[in-house]
Amino acid sequence: MGQKAESTKELIRREAYRLFADKGFQAVTMADICRQTGLSRGGLYRYYANTGQILSEILSAEPSVMDRIQRRESAAAILEDLLSLLREEILDKKNSLSLAIYEYANLGNQELFVSLHRRAKQRWIRLIQYGVETGEFQPADPEQASDMILYYYQGLRLWSRVIPFDEQTVQRYIQTVRLLAGRGQGEDLR
């Protein structure tokens, strides 16, 4: 795929993300995405067959954790970068995809979410193992820690649409993740 095509797909995903965050999944149509992007229907359908395909691709985008581990970057730096992203997502109520995710999952797409969860869990497990291997993290149970990190995060994301979380709430989550990952007493150890 050429640079122009990839740029167009990125535009579509970015604008569709905004629509899904604002309206949920079921209320967004391909016509809405055409209006938002300025593309013709043919231009949009050249890249995506339906809104579900667009949302699936948005949700399937993964942080570059494994690439960074392969490059032997600091486990602590990778963790802190992930925590920074999670912090922004929790505090950004306006751009939450929680409603769209819930609606899409309830339309029979549970397998996608099982797969996404499995991959996220494997990323967390590998990061924790890597941190222990490099001596940056204390030994922890990566399986248990990854479950707690993911479910705690998903709860915060879901509730962030209806409950305004403050910085202190998010900071407690970040400290808990550091502890679960074996990164110390929860202070910023970067």
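This passage walks through the fold, the confidence and some local contacts of one protein chain.

Residues are numbered from 1 along each chain as its sequence is written, and side-chain values use heavy atoms, with hydrogens and water left out.

The chain has 10 helices and zero strands (helices are DSSP runs of H or I with at least four residues, strands are runs of E with at least two, and both are numbered from the N terminus). Read from the N terminus on, the elements go α-α-α-α-α-α-α-α-α-α. The C-alpha trace spans about 55 × 40 × 30 Å along its principal axes. Of the 190 residues in the chain, 42% are buried (buried means under 20% relative accessible area, exposed over 50%, and partly exposed in between, with a 1.4 Å probe and protein chains only). The accessible surface comes to about 10400 Å², and carbon and sulfur atoms hold 51% of that (areas come from the Shrake-Rupley method with a 1.4 Å probe, and for residues only the protein chains shown count as cover). Among contacts with a separation of 6 or more, 67% are between residues 24 or more positions apart (a contact means heavy atoms within 4.5 Å).

As for confidence, the mean pLDDT of the chain is 90, and 96% of its residues reach 70 or more (pLDDT is the predictor's confidence in each residue, from 0 to 100). Helix H2 (residues 30–37) has the highest confidence, at a mean of 97, while H7 has the lowest, at 87. Over residues 186–190 the pLDDT is below 50, and this stretch has 12 contacts in the model beyond near neighbours in sequence. Where pLDDT is low, the predicted coordinates should not be read in detail.

Helix H4 (residues 51–60) is largely enclosed by the rest of the structure, because seven of its 10 residues are buried. Those buried residues are Thr51, Gly52, Ile54, Leu55, Ser56, Ile58 and Leu59. Their cover includes helix H1 (3–23), H2, helix H3 (41–45), H7 and helix H8 (110–134). At the N-terminal end of H4 sits a cap: a side-chain oxygen of Asn50 lies 3.1 Å from the backbone nitrogen of Gly52.

One of the helices covering H4 is H7, and Ser98 belongs to H7 (residues 98–105). Ser98 counts as buried, with a relative accessibility of 11%. Its side chain makes a polar contact with the side chain of Ser96, at 3.0 Å (a polar contact is a pair of N or O atoms within 3.5 Å; within protein, one must be able to donate a hydrogen and the other to accept it, and residues adjacent in sequence count only if both atoms are side-chain atoms). Leaving aside residues up to four places away in sequence, Ser98 touches Arg157, Leu158 and Arg161.

Trp159 is part of helix H9 (residues 142–159) and is partly exposed at 48% relative accessibility.

The structure holds 16 salt bridges (a side-chain nitrogen of Lys or Arg within 4 Å of a carboxyl oxygen of Asp or Glu). In one of them Lys23 pairs with Asp32, the closest N and O atoms being 3.1 Å apart; Lys23 is partly exposed at 32%, whereas Asp32 is buried at 10%. Arg87 and Glu167 also meet in a salt bridge, at 2.5 Å from N to O. Arg87 lies in helix H6 and Glu167 in helix H10 (residues 167–181), so this pair ties together parts that are 80 residues apart in sequence. Another salt bridge joins the side chains of Asp147 and Lys121 (2.9 Å, N to O). That pair links distant parts of the chain, with Asp147 in helix H9 and Lys121 in helix H8, 26 residues apart.
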